[in-house]
Amino acid sequence: MVAESLIISAVLFAIGVVGVLIRRNAIIIFMCVELMLNAVNLSFIALSRLYGITGQVFVLFVMTVAAAEAAVGLAIIISIFRHHESVDLQNINILKG
Amino acid sequence: MTFFYQFFFYLFALIAVASALAFVTRKSPVAAALWLVNTMFSLAVLYIMLGAQFIGIIQILVYAGAIMVVFLFVVMLLNLGHPLAGGDLRRSGVRALGGLLGLGLLAELLVLGRQKLPALIPTPPIQANVVNSIAAPLFNEYLLAFEVTSVLLLAAIVGAVVLAKRRV
């Protein structure tokens with residue numbers, strides 16, 4: 001079941017990457033990042049069947065970082081929304097040359 | 001026994017991938033978030049079937065229960081429940097490029113995953129104290145990382161409050 005899990009993980013990660021590349025809604029792009037983190041967690045857990053429990057400890061740390069990232073990222077989205085009245089990434093182009 | 005194990009493993013793998021596809025293609029952020037919750041629940045089942053019971057429960061509690069609620073809370077707070085005006089996808093050229101890049105990445109990952117895996121280490125029989133096996137390395141080998149995590153969480157809390165405050 002480990003090889004199958006790695007394939008599922010690769011598919012989920014690729015779906016997340018495509019979502020980040022093609023969507024314009026900042027909140028959905030954030031959720032795609034969470035999906036990619038979940039895919040990596042699945043790899044860690046599948047490989048912890050082969051290399052010992054350390055993979056599961058790593059998943060705990062990844063989840064902590066994901067929670068912190070979600071909190072800060074959503075706060076950034078809220079403050080961007082206050083300035084632009086929009087979360088459409090095509091309207092947020094101050095840094096564009 | 002193994003037939004049922006394989007059947008449910010593939011079933012929940014299929015649900016996870018199908019929900020992820022539905023999640024990426026939904027227009028409304030609320031529908032997308034609910035499909036993502038579905039993916040996370042199926043992934044929790046996969047974790048439990050792979051022998052990580054504690055992580056599976058934590059997945060449901062933290063991801064489906066906390067992180068996604070924060071996402072939905074922000075959607076509600078900013079009144080973003082409707083699709084963006086003018087469609088939610090980028091231009092068709094960017095879409096095609098993104099799809100190609102995604103396919104290329106998937107091919108790379110699949111090729112990487114084809115290398116020979118070592119044999120399974122024997123899993124200990126499921127016991128009452130599932131948490132012990134993960135707590136022992138967490139509080140011995142990785143104690144420093146565990147403590148640093150608390151600083152990270154504190155920084156994230158302070159950062160989120162400062163960023164989301166109306167007037168600094």
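Which helix of chain B is the place of Leu144(B) in? Leu144(B) sits in helix H6 of chain B, where helices (H or I, at least four residues) and strands (E, at least two) are DSSP runs numbered from the N terminus. Before we go on, some housekeeping: residues are numbered from 1 along each chain as its sequence is written, while chains are lettered from A and ligands numbered from 1 in the order in which they are written. This is also a predicted model, in which local features need pLDDT of at least 70, side-chain atom pairs count only at pLDDT 80 or more, and totals for chains, interfaces and linings use all residues.

Back to Leu144(B). It is exposed, with 8 other C-beta atoms within 10 Å. (Buried is 20 or more other C-beta atoms within 10 Å of a residue's own, exposed is 12 or fewer, and partly exposed is in between, with C-beta atoms placed from the backbone.) From Leu144(B) to Leu105(B) it is 39 residues in sequence and 35 Å in space, C-alpha to C-alpha.

Now let's look at how the two chains meet. In all, 63 residues of chain B are in contact with 60 residues of chain A, contact being C-beta atoms, placed from the backbone, within 7 Å. On chain B's side, H4(B) brings the largest share, eleven residues. That side has 51 nonpolar, nine polar and three charged residues. Here Ala, Val, Leu, Ile, Met, Phe, Trp, Tyr, Cys and Pro count as nonpolar, Asp, Glu, Lys and Arg as charged, and the others, Gly among them, as polar.

Next, zoom in on a helix pair. The axes of H1(A) and H1(B) come within 10 Å and cross at roughly 5 degrees; axes are lines fitted to C-alpha atoms, for helices over the stretch in contact, and angles run from 0 to 180 degrees between N-to-C directions. So H1(A) and H1(B) are roughly parallel, the word for angles under 35 degrees. Their contact includes Leu12(A) of H1(A) and Val17(B) of H1(B).

H3(A) and H3(B) also have axes that come within 10 Å and cross at roughly 5 degrees, which makes H3(A) roughly parallel to H3(B). Their contact has 16 nonpolar, one polar and no charged residues.

Finally, the core. The largest nonpolar core has 61 residues, and Leu12(A) and Leu36(B) are among those touching the most other members. (Such a core is a set of buried Ala, Val, Leu, Ile, Met, Phe, Trp, Tyr and Cys residues joined through C-beta atoms within 7 Å.) H2(A) gives the most to this core, 14 residues.

Technical notes. Two residues are in contact if their C-beta atoms, placed from the backbone, lie within 7 Å. Angles under 35 degrees count as roughly parallel, over 145 as roughly antiparallel, 65 to 115 as roughly perpendicular and the rest as oblique.
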